[in-house]
Amino acid sequence: MTERAVLAVSFGTSHRDTLEKNIAAIEAELAAAFPERTVRRAFTSGMILRKLAGEGTHIDNVPQALERLLAEGCTDVVVQPTHVMNGEEYHKLLAQAEPYRARFARMSFGRPLLTAAEDYAALGRALMEALPAQRADTAVLYMGHGSEHQANSAYALMEYAFHDLGRKDVVIGTVEGYPGFGEALRRLKERPQVRRVELRPLMTVAGDHAKNDLAGDEEDSWRRRLEAETVCVLTGLGEHPAVRALFVEHARQAEQLQAEAC
């Protein structure tokens, strides 16, 4: 019988290597932090779920995971997203989970990585642990996913947070939002001394976008479009212990707020 659980909800990935290094690593951290709770997995991306199903792997979506927990006797669940921002996928998660709220004695929701003002500085400090020392001739270019959702402003705020923390060598662009590659390239060109660019994904997993759009061999990849010397560090956010600790803290805060409300 599963009375208490943490449901870790991710956008998902079909890349098995980065799934284990990032999503599974976050889930393992949650399991270690909440030994009294069963940790379960759900993905929000229908495209990813269908692709995995075609390869013979079933992963629950949010309603399926919550139904499964109810069938096992779960009464108390903390839903912790591994999403970077409060965008479309996070709001889809909330909408899918809402009909189940009354069916659990307790249901609480942890925050995505970038929600409150303090989250930006916290993520900046966590990522700076893995960044090389600053050099006048080098810049760090992060690729975020990007979105048409209003939460897309998180990327500009994150770059500002890096600069406030003293890392003015960091530039952030996105694949599908603003600022895009063109805006990021313009800011790099404003520093004519930069001869070398380190490319990194600002995504929970280093999956298709990181491997192809960022570091791929095609002419339209960011690596190929940059005129400077480049080095690609394909490390998803979930591979950083300090970032995993932020997800755990968000889940812990959600559990505490729910307990105080009862």
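Predicted model: local features only at pLDDT ≥ 70, side-chain atom pairs only at ≥ 80, totals over all residues.
Local features need pLDDT of at least 70, side-chain atom pairs count only at pLDDT 80 or more, and totals for chains, interfaces and linings use all residues. Residues are numbered from 1 along each chain as its sequence is written, and side-chain values use heavy atoms, leaving out hydrogens and water.

Me: Why is serine 45 called buried?
Reply: Its relative accessible area is 4%. Buried means under 20%, exposed over 50%, partly exposed in between (1.4 Å probe, protein chains only). So serine 45 counts as buried.

Me: What is serine 45 in contact with, leaving aside its neighbours within four places in sequence?
Reply: Phe11, Glu89 and Lys92. Contact means heavy atoms within 4.5 Å.

Me: Why does cysteine 74 count as buried?
Reply: Its relative accessibility is 3%, so it falls under the 20% limit.

Me: Why does cysteine 232 count as partly exposed?
Reply: Its value is 28%, which lies between 20% and 50%, so partly exposed is the label.

Me: Which residues of helix 3 are buried?
Reply: Val62, Ala65, Leu66, Leu69 and Leu70. Helix 3 spans residues 62–71; helices are DSSP runs (H or I, at least four residues), numbered from the N terminus.

Me: Why do the buried residues of helix 3 line one face?
Reply: Seen down the axis, they fall within an arc of 135°, so they line one face. The arc is that of the directions from the helix axis to the C-beta atoms.

Terms used:
Helix = DSSP H or I, 4+ residues; strand = E, 2+ residues; numbered from the N terminus.
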